[in-house]
Amino acid sequence: MKQAMTSIIKKDLRRMVSTRRMFFTLLIVPLVLTVFVPSAFILIQHFVPQEQGDFQKLLELLPSAEQGSSLPESMARLLVNYLLPLFFLIIPIMSSTIMSASSFVGEKEKQTLETLLYCPLSLTEIFQAKVAASFLLSMAVSGISFCIMLAVLEAEIYLTAGILLLPGLQWLAVMLLLSPSFSLIAITLIVRVSAKAQSAEDAQQGAVFLLLPVLLLLVNQLGGVLLINTWVLLGLGVVCSFAAIVLLKRAAGNFNYEMLSTFL
């Protein structure tokens, strides 16, 4: 990677960390999804056990290997290995949207876009650097969120159910394939939109459509319609990874000065 591309990536990451509003917004969604929501689930099923009947359909879909020796253990396995992985498809989309939506709009607002275009890089390389900055930030947020979630949930499950529950193989497909590919697809589309948008809010609107498929999967899971297993996640991850690579190459190849003309 060229030094100029590395400089753009570092500059964008520093801007993100130094902007308090954007930085705190980046932290709120992962904390809610990985700490508060799972903790509420565990506490409700422990202190209000009659509410567990709402998840009976899902518990019946659990494979025998995931069935715990007790109802609290089964509920914990359901939460950790079947519900929470879908949250890690939402987190990279939301976190990457915050930064990528302002990738070129932010340059316009700070009147640094012309300086950026004069750097010794092609438009394709500038586009790739912008995507790489958002992707690295998104993966960092996902990784940190996973570690925090695992630490908090392990403590809560041990205190309420008396067991230590390790994540299943589903997490490998999610963290190594699905989460990166969903993030790359979202970033590529939103950075491209950011080149034409007049504000970061305009660019962020596209993220709503990217979240719809994930939300539909989550609703189906919670409704007991289906239970997504490791093989489904793995197959979906391969397809999405291929789609992300193709989309990135096409978007970078089609990126041109006309897309930035409204800013110049």
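A crossing of two helices is called left-handed if the near helix is turned anticlockwise from the far one by less than a right angle, and right-handed if clockwise.

Okay, hi everyone. What you see is a predicted model, where local features need pLDDT of at least 70 and side-chain atom pairs count only at pLDDT 80 or more, while totals for chains, interfaces and linings use all residues. Residues are numbered from 1 along each chain as its sequence is written, and side-chain values use heavy atoms, with hydrogens and water left out.

So, what is the protein built from? There are 11 helices and 0 strands. Helices here are DSSP runs of H or I with at least four residues, strands are runs of E with at least two, and the numbering goes from the N terminus.

How much of the protein is buried? Of the 264 residues, 50% are buried. Buried means under 20% relative accessible area, exposed means over 50%, and partly exposed is in between, using a 1.4 Å probe and protein chains only.

Next, contacts, meaning heavy atoms within 4.5 Å. If you take the contacts with a separation of 6 or more, 82% of them join residues 24 or more positions apart.

Now for the helix pairs. Back to our crossing: helix 4 passes helix 7 in a right-handed way. Helix 4 covers residues 71-100, helix 7 covers 123-161, and they pack at about 155° with their axes 9 Å apart. Axes are lines fitted to C-alpha atoms, for helices over the stretch in contact, and the angles run from 0 to 180 degrees between N-to-C directions. Helix 4 and helix 7 are therefore roughly antiparallel. The cut-offs: under 35 degrees is roughly parallel, over 145 roughly antiparallel, 65 to 115 roughly perpendicular, and the rest oblique.

Which kinds of residues make up the contact of helix 4 with helix 7? There are 17 nonpolar, 7 polar and no charged ones. For those classes, Ala, Val, Leu, Ile, Met, Phe, Trp, Tyr, Cys and Pro count as nonpolar, Asp, Glu, Lys and Arg as charged, and the others, Gly among them, as polar.

Helix 2 joins in too. Its axis and that of helix 7 come within 10 Å and cross at roughly 20°, which means helix 2 is roughly parallel to helix 7. The crossing of helix 2 and helix 7 is right-handed. On the helix 2 side, the residues that meet helix 7 include L26, P30 and I42, and on the helix 7 side they include L137, E156 and I157. The contact of helix 2 with helix 7 divides into 12 nonpolar, 6 polar and 1 charged.

And helix 2 with helix 4? They pack at about 170°, axes 10 Å apart, so helix 2 is roughly antiparallel to helix 4. This contact has 21 nonpolar, 4 polar and no charged residues.

Let's go inside. A nonpolar core is a set of buried Ala, Val, Leu, Ile, Met, Phe, Trp, Tyr and Cys residues joined through side-chain atoms within 4.5 Å. The largest one has 69 residues, and I126 and I157 have the most contacts inside it. Among the elements giving it two or more residues are helix 1 (3-18), helix 2 (20-47), helix 8 (170-194) and helix 11 (230-254). Which helix gives the largest share of this core? Helix 4, with 17 residues. As for I157, not counting residues up to four places away in sequence, it touches I42, A76, V80, G162, I163 and L165.

S134 lies in helix 7 and is buried at 2% relative accessible area. Leaving aside neighbours within four places in sequence, S134 is in contact with S96, M99, S100 and I187.

A186 is in helix 8, and it counts as buried at 1%. With neighbours within four places left aside, A186 is in contact with I93, S96 and L210.

L189 also lies in helix 8. Is L189 buried or partly exposed? Partly exposed, at 33%. Leaving aside neighbours within four places, L189 is in contact with L210 and L247.

That's my tour, thanks!
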